[in-house]
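Here's a short tour of one protein model, written for someone just getting used to reading structures. Have a look at the picture first, then follow along.

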Amino acid sequence: KYDIIVHIMNTKRLKKIDEWYHILNALCQLGYSIGWIGDDSVLEYRSDGPWDLIRTKDLLIAAQYINDCSLFIGTANVNYVIAEALDRIRLVEVANAAAGTIPRNERGYCINEWSAERIINTVKLILNKNVDYNPLEQQN
């Protein structure tokens, strides 16, 4: 079981992959376990981070990982829809290509305009770990 499941498609993200790397690395430093899910054909990821890569095209397997996590972070895609259907808390980037995706209710948040610090602080509030520590501040 992972605290956070991530699925970021290279065609639907707004932040640069390096910015996502820093966000996810900071969350790992805070003690959160992260599984980065997807298949190599549509997924852009940095494999040199402290997260697990979960390579699968099987949506039932993906759904099981998503159901077991506490938080889903990603771009608008089928895994986001699965997270929404399973009522997981979700942070999602919605690119123009996926403008029909509208995070709804208090468990879905559109993070298009959010800074890395706001994403990290929100994750800390949602998952309630190490609330006073932000490793991104110490990287400057």
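## Cysteines to begin with

Let's begin with a simple count: by the sulfur-distance rule, a pair of cysteine sulfur atoms within 2.5 Å, there are zero disulfides here. Keep in mind as you read that this is a predicted model.

Is C69 buried or exposed? C69 is buried, because its relative accessible area is 1% and the cut-off for buried is under 20%. C110 is partly exposed, with a value of 33%.

| Residue | Relative accessible area | Class |
|---|---|---|
| C69 | 1% | buried |
| N77 | 8% | buried |
| N25 | 14% | buried |
| C110 | 33% | partly exposed |

Six strands make up an open sheet, and they pair in parallel, in the order 3-2-1-4-5-6. At the edges sit strand 3 (52–55) and strand 6 (108–110), each of which pairs on one side only. Going from one strand to the next, the twist averages 20°.

Zoom in on one of those pairings: strand 2 (residues 34–38) and strand 3 run parallel and are joined by four bridges. Which residue of strand 3 stands opposite W36? That would be L53.

Helix 1 (residues 17–29) packs on this sheet, where it touches strand 1 (4–7), strand 2, strand 4 and strand 5 (89–93). The direction of helix 1 makes about 145° with that of strand 2. N25, one of the asparagines in the table, is found in helix 1. Setting aside residues up to four places away in sequence, N25 touches P50 and W51.

The largest nonpolar core has 27 residues, and I4, L27, I73 and V123 are the ones that touch the most other members. Strand 1, helix 1, strand 2, strand 4, strand 5 and helix 4 (116–127) each give two or more residues to this core. Helix 1 supplies the largest share, eight residues.

Want to see how one of these core residues is surrounded? Leaving out neighbours within four places in sequence, I73 is in contact with I4, I5, V6, H7, W20, L27, L91 and V123. There's also a second, separate core of 15 residues, and I5, I66, A76 and A83 are among its members.

## N77 and helix 3

Where does N77 lie? You'll find N77 in the loop between strand 4 (71–75) and helix 3 (78–85). N77 counts as buried because its relative accessibility is 8%, and the cut-off is under 20%.

The side chain of N77 makes polar contacts in this stretch. One of its polar atoms lies 2.7 Å from the backbone oxygen of T75. At the start of helix 3, a side-chain oxygen of N77 comes within 2.8 Å of the backbone nitrogen of N79. Beyond its neighbours within four places in sequence, N77 is in contact with H7, M9 and K12.

And helix 3 itself? Which of its residues are buried? They are N79, Y80, I82, A83 and E84. These buried residues pack against strand 1, helix 2 (59–68), strand 4 and strand 5. Just after helix 3 comes D87, which takes a positive phi of about 60°.

Notes:
Residues numbered from 1 in each chain as written. Predicted model: local features only at pLDDT ≥ 70, side-chain atom pairs only at ≥ 80, totals over all residues. Heavy atoms only, no water. Buried < 20%, exposed > 50% of the residue type's maximum accessible area, 1.4 Å probe, protein only. Polar contact = N/O pair within 3.5 Å; in protein donor to acceptor, adjacent residues only side chain to side chain. Contact = heavy atoms within 4.5 Å. Pairing = 2+ DSSP bridges. Axes fitted to C-alpha atoms, helices over the stretch in contact; angles between N-to-C directions. Core = buried A, V, L, I, M, F, W, Y, C linked by side-chain atoms within 4.5 Å.
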